[in-house]
Amino acid sequence: TDSFDNFLLANLLAATGTEQAARLQQPFNAAELEFLSLQESAAEETPSNPMLPFLVSIIVMIPLFTSGAYLLQSVTQEKGSRIMEILLASLRPWHILAGKLLGLGGLTLVQYLIWAAVAGLGLTIIGQELPNMLAGLNLSSIELLLIIPYALGGYVLYAGLMAGIGALSPDLEGSRGWVFFITLPMMIPIYLWVAIVNFPNGPLAVTLSMIPFSASVAMLMRMTSTMVPVWQLVASLILLLLTAAGIVWLMARLFRVQILLSGESPSLRRFVAAVTD
């Protein structure tokens with residue numbers, strides 16, 4: 001059968017040249033074949049270590065959460081100890097808010113630098129290099145730089161909200177429920193990190209990365225798992241920064257003498273009345 005097929009091909013393709021006839025007679029040349037593995041192609045889309053996006057997101061999220069908690073604790077303690085009255089005698093309320101945001105922001109930055117120094121020292125001691133440790137992360141140079149504004153936007157957003165809760169709350173006990181309600185959107189990507197890492201461009205991951213209250217964590221998980229479209233990065237970052245600026249503006253309206261010196265319990269009705277007044 002092979003001889004008859006070759007005879008037909010040689011006569012039917014006589015005018016096309018011997019090279020094309022030889023190619024049709026032997027379409028699969030073993031010397032020119034290149035085999036692709038499904039596992040290798042999948043590795044290009046997802047990180048070699050699926051835990052890396054989760055760990056990197058945790059590293060970014062913890063300082064954002066703790067800095068907001070410190071700000072809430074600071075405001076409520078100053079109200080309870082009457083230090084707030086002394087501050088209000090020489091400062092405007094929004095000056096106090098701006099000073100606390102800048103001070104805790106600088107402290108958070110120092111915390112990141114200390115962590116980076118300790119991590120670099122530890123890698124040096126064990127003989128590892130940082131590029132090798134992060135080899136499984138699909139981060140371009142642009143995405144690496146975008147981590148800074150995402151972390152900054154997340155800090156301003158949540159620290160501003162915590163400051164507003166502190167301004168409305170007479171003590172820490174009265175603000176615990178509000179803290180859980182506000183920080184829940186930031187925790188949702190942590191709970192669903194497996195779905196986000198496995199399907200970084202799926203509807204769930206894209207939606208969470210576009211919502212400002214969860215974008216800092218969800219977008220970082222996506223960026224460390226796959227290549228995110230540029231328009232999604234830009235849109236998500238703009239929404240996050242605009243929301244953070246709006247939150248600071250709203251919380252500045254809460255930092256007023258009658259709010260900071262009152263001892264009423266926080267409520268949604270009181271919050272709306274204070275903001276719209």
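Modeller: Helix 12 passes helix 13 in a left-handed crossing (left-handed if the near helix is turned anticlockwise from the far one by less than a right angle, right-handed if clockwise). Helices here are DSSP runs of H or I with at least four residues, numbered from the N terminus. Keep in mind that this is a predicted model: local features need pLDDT of at least 70, side-chain atom pairs count only at pLDDT 80 or more, and totals for chains, interfaces and linings use all residues. Residues are numbered from 1 along each chain as its sequence is written, and side-chain values use heavy atoms, with hydrogens and water left out.

Biologist: At what angle do helix 12 and helix 13 pack, and how far apart are their axes?

Modeller: The angle is about 150°, and the axes are 9 Å apart, with helix 13 covering residues 230-254. So helix 12 is roughly antiparallel to helix 13 (under 35 degrees counts as roughly parallel, over 145 as roughly antiparallel, 65 to 115 as roughly perpendicular and the rest as oblique). The axes are lines fitted to C-alpha atoms, for helices over the stretch in contact, and angles run from 0 to 180 degrees between N-to-C directions.

Biologist: Is Ala215 buried or exposed?

Modeller: Ala215, which is found in helix 12, is buried because its relative accessible area is 0%. The cut-offs are under 20% for buried, over 50% for exposed, and partly exposed in between, with a 1.4 Å probe and protein chains only. Its C-alpha is 8.1 Å from that of Leu237, 22 residues apart in sequence.

Biologist: And Met210, which helix is that in?

Modeller: Met210 lies in helix 11, residues 203-210. At 17% relative accessibility, Met210 counts as buried.

Biologist: New topic: where does Val118 sit, and is Val118 buried or exposed?

Modeller: Val118 is found in helix 6, and it counts as exposed because its relative accessibility is 55%.

Definitions and conventions:
Helices (H or I, at least four residues) and strands (E, at least two) are DSSP runs, numbered from the N terminus.
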